[in-house]
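Good morning, and thank you for making time for this item. I should like to take the group through one model, moving from local contacts to the packing between elements.

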Amino acid sequence: LQTTSLSKSLRELANKWKESFAAELHKEAFSRLDTVFEMVKTTRKRLLRDVGTADIDSLAYVMRTLQEVRAKQSEMELEFVPIEHMYRILDEHLPNIMDKDE
């Protein structure tokens with residue numbers, strides 16, 4: 001019984017699936033990371049709002065933003081866990097799929 005061609009075909013199919021899975025995983029991780037980055041960028045802008053000496057409204061706005069950040073802190077930390085996990089999988093099993101700068 002000759003199984004070499006079957007074995008070769010299965011290996012090729014598995015490698016194609018692995019590459020496809022890695023590409024989708026990378027897309028998902030990058031998208032989630034980009035979402036978190038945008039949230040941080042928006043919050044940073046809100047916190048850098050100029051507060052004048054007599055501008056109580058701006059101060060209240062910045063203080064509300066700080067309260068929101070404190071309230072969301074653990075939620076934000078939890079958002080990083082699956083992203084880190086995805087990148088760890090990619091790094092351990094498919095190190096050539098992504099840029100190290102990412």
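By a polar contact I mean a pair of N or O atoms within 3.5 Å, where one must be able to donate a hydrogen and the other to accept it. Please keep in mind throughout that this is a predicted model.

With that term in place, consider Ser7, which is found in helix α1. Its side chain makes a polar contact of 2.9 Å with the side chain of Arg11. Ser7 counts as partly exposed, since its relative accessibility is 28%.

Let me turn to the helix itself. Helix α1 covers residues 4-47, which is 44 residues.

How many aromatic pairs does a search of the whole structure find? The search returns one. The pair consists of Trp17 and Phe21, with ring centres 5.1 Å apart and planes at 10°, and it is therefore stacked. Planes under 30 degrees apart count as stacked, which is the cut-off applied here. The two residues are four apart in helix α1, so about one helical turn separates them. An α-helix has 3.6 residues a turn, so residues three or four places apart point the same way. As to accessibility, Trp17 is exposed, at a relative accessible area of 56%, whereas Phe21 is partly exposed, at 39%.

Next, the buried side of the matter. Which residues of α1 are buried? They are Ala22, Leu25, His26, Ala29, Val36 and Thr43. These residues pack against α2, residues 56-93.

Several of these names return in the largest nonpolar core, which has nine residues. Ala22, Leu25, Ala29 and Val36 are among them, together with Ile83, Met86, Tyr87, Leu90 and Leu94. The elements that give two or more residues to this core are α1 and α2. As general background, nonpolar side chains in soluble globular proteins tend to be buried together.

A polar atom of the Thr43 side chain lies 2.9 Å from the backbone oxygen of Met39. Apart from its neighbours within four places in sequence, Thr43 is in contact with Thr65 and Val69.

I now move to helix α2, where Ser58 is located. Is Ser58 buried or exposed? Ser58 is buried, with a relative accessible area of 3%. Its side chain and that of Arg49 are joined by a polar contact of 3.4 Å. Setting aside neighbours within four places in sequence, the contacts of Ser58 are Arg49, Asp50 and Val51. Arg49 also lies over the face of Tyr61, 4.4 Å from the ring centre.

Lys72 is partly exposed, with a relative accessible area of 36%. Between Lys72 and Pro82, which are 10 residues apart along the chain, the C-alpha separation is 17 Å.

That concludes my presentation, and I welcome your comments.

Notes:
Residues are numbered from 1 along each chain as its sequence is written. This is a predicted model: local features need pLDDT of at least 70, side-chain atom pairs count only at pLDDT 80 or more; totals for chains, interfaces and linings use all residues. Side-chain values use heavy atoms; hydrogens and water are left out. The expected span of a helix is 1.5 Å times one less than its number of residues. Buried means under 20% relative accessible area, exposed over 50%, partly exposed in between (1.4 Å probe, protein chains only). Contact means heavy atoms within 4.5 Å. Rings of Phe, Tyr and Trp (its six-membered ring) pair if their centres lie within 6.5 Å; planes under 30 degrees apart count as stacked, over 60 as edge-to-face and the rest as tilted. A charge sits over a ring if NZ of Lys or CZ of Arg is within 6 Å of the ring centre and within 35 degrees of the ring normal. A nonpolar core is a set of buried Ala, Val, Leu, Ile, Met, Phe, Trp, Tyr and Cys residues joined through side-chain atoms within 4.5 Å.
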